[in-house]
Amino acid sequence: MKKEIVVSGIRSTGFLHLGNYFGAIRNYVRMQEEYPCYFFVADYHSLTTHPDPLLLKPNVYRVLAENIASGLDPEKVALYVQSDIPEIPELYLMLNMLAYKGELEKTASFKEKARNQPDNVNAGLLTYPTLMSADILIHKASFVPVGKDQEQHLEMARNFAQRFNHRYGELFPEPHPFNFGEALVKIPSLDGQGKMSKSENENATLYLADTDEVIRKKVMKAKTDQGPSEENTPMPDYIQNLFDLMKLVSGEEVIRKYQLDYAQCQIRYGDMKKQLAEDMVDFIRPIREKAIELQKDEDTLRKIMKSGKDKARDSASKTLEEARKAMGINFYC
Ligand code: TYM
C-alpha cells in the first residue's frame, strides 16, 4: 500500500451517470487497491440547492449502492456519509477564516449557480469550496480523483492548505486532482451541448440506473448529420462526442471500423449508434442490476455506512485535534 491518502466525494443530488463513473468512480476502483482511500456521499453539499428532505435518504442510499455496484469494496475503503463526520463542519468553520469573499465569488461554480438560482444565492453556495477543502484536508489527502469540472475547487483546496500551513505551521499536504489517464476527464452529453449531469440535460445523459430501452432511445436520438462528403473532413463536435463515448465502452476494432468509415465518407450513423447503444447496455446493465439488489437490503447499507463512519472519524478526529492545537484552541492543557 502506498502512503498517500485518497479522498473523493459525490453529491447526493440525483442519479449517477457515465460522467460520474468515468470521471471519478473508475479511478476510485483502481485506487482502492493501491492507496488508503476515503470515499463519501456529499449530502451537506447537496443542501445548497434545498432538496426535498424526503428525497435525501433514498438519494444517499442509491449513491452508496451505485458506488459499490461499480466495484468499490467497503472492506477496502472507508465509504461514508459526509454528515456522519462532525469533524468536517468544524474544520470547514476554521478554513472559512482563511477564505476570502473575493476569491469565493470568483469561483466558476458559484457564478454559474448564482446565475441559475438568483433567488437562492446562499452562504453555503459561496463557501462550497471551503466545505470541499475540509472534506479533503480532514484526512490529509494528497490525491483527489475527480472529473475536470472540479479542477478549480482543487486549486482552492491547495490555496487554503498552504495558507493554513503558512499561518499555523505545516499540517496539510497539498491535495492534487487525480486521474489514471492523466488528463482529467469531461464526459460530454449525447446532444453535444455541455457535459452529462445529474440534474440537467437528462435526455442527453446516460444514468447508471437507465433501463436497456431508455439507453437505446437516448443513444439513437443523439445528434448526427448526413456524414462527410469529402475524405478526412474534421469531425464536428457532436460526432467527435459519439466517438469519445464509444471509446469508453466499445472494443478497439469496432472503433477503428467506424473511424475508417468516417474517413472514407462511408459512415452510417444509424449503425454506429446501434452499436454504441448495445455496448452501453452491456456496460450499464450489470451495474444497474447490482445497484437495485443492494438498495433492497438497507440493513447491509446501514452497516457499511456505520463502518465507514468509524474509519473516517478515526482519521478525522486526529487531524482536527492537530488543527485546533495549531490554531491555539487547546485550553485544557
Ligand atoms: P459531483 O457530485 O457533481 O460529481 C461527482 C464526481 O463526478 C465527476 N463528474 C464528471 N466527470 C466527467 N465528466 C462529467 N460529465 C462529470 N460529471 C461529474 C465530478 O468531477 C466528481 O468527481 N463537489 C463535488 C463533490 C465533492 C467532492 C468533495 C469531490 C464534495 N466534496 C471532496 C472531491 C473531494 C461534486 O459536486 O461532484
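A polar contact is taken here as a pair of N or O atoms within 3.5 Å; within protein, one of the two must be able to donate a hydrogen and the other to accept it, and residues adjacent in sequence count only if both atoms are side-chain atoms. The model is predicted, with local features requiring pLDDT of at least 70 and side-chain atom pairs counted only at pLDDT 80 or more, while totals for chains, interfaces and linings use all residues. Residues are numbered from 1 along each chain as its sequence is written, and side-chain values use heavy atoms, with hydrogens and water left out.

A polar side-chain atom of Asn20 lies 3.0 Å from an oxygen atom of the ligand. The ligand has 27 residues around it, of which Arg11, Tyr128, Asp135, Asp149 and Lys198 come nearest; a residue is included if one of its heavy atoms lies within 4 Å of the molecule.

Asp149 also takes part in a salt bridge with Lys195, where the closest N and O atoms are 3.7 Å apart. A salt bridge is a side-chain nitrogen of Lys or Arg within 4 Å of a carboxyl oxygen of Asp or Glu. This pair links distant parts of the chain, 46 residues apart: Lys195 is in the loop between strand 5 (176-178) and helix 10 (212-220), and Asp149 is in the loop between strand 4 (143-145) and helix 9 (151-168). Helices (H or I, at least four residues) and strands (E, at least two) are DSSP runs numbered from the N terminus. The structure holds 22 salt bridges.

The chain is assigned two domains, domain 1 (6-186 + 298-327) and domain 2 (210-291), with bounds from an automatic or database assignment. Their centres, taken over C-alpha atoms, are separated by 33 Å. Each domain gives 8 residues to the contact, defined by heavy atoms within 4.5 Å. About 690 Å² is buried between the domains, 84% of it from carbon and sulfur atoms; buried area is the accessible area (1.4 Å probe) that two parts lose on being put together, summed over both. Leu18, Phe22 and Ala69 supply 65% of the area that domain 1 buries against domain 2. Between the domains there are 0 salt bridges and 0 residue pairs in polar contact, counting pairs with both residues at pLDDT 80 or more. On the side of domain 1 that touches domain 2, helix 1 (18-31) and helix 3 (53-69) each give two or more residues, and helix 3 provides the largest share, 4 residues.
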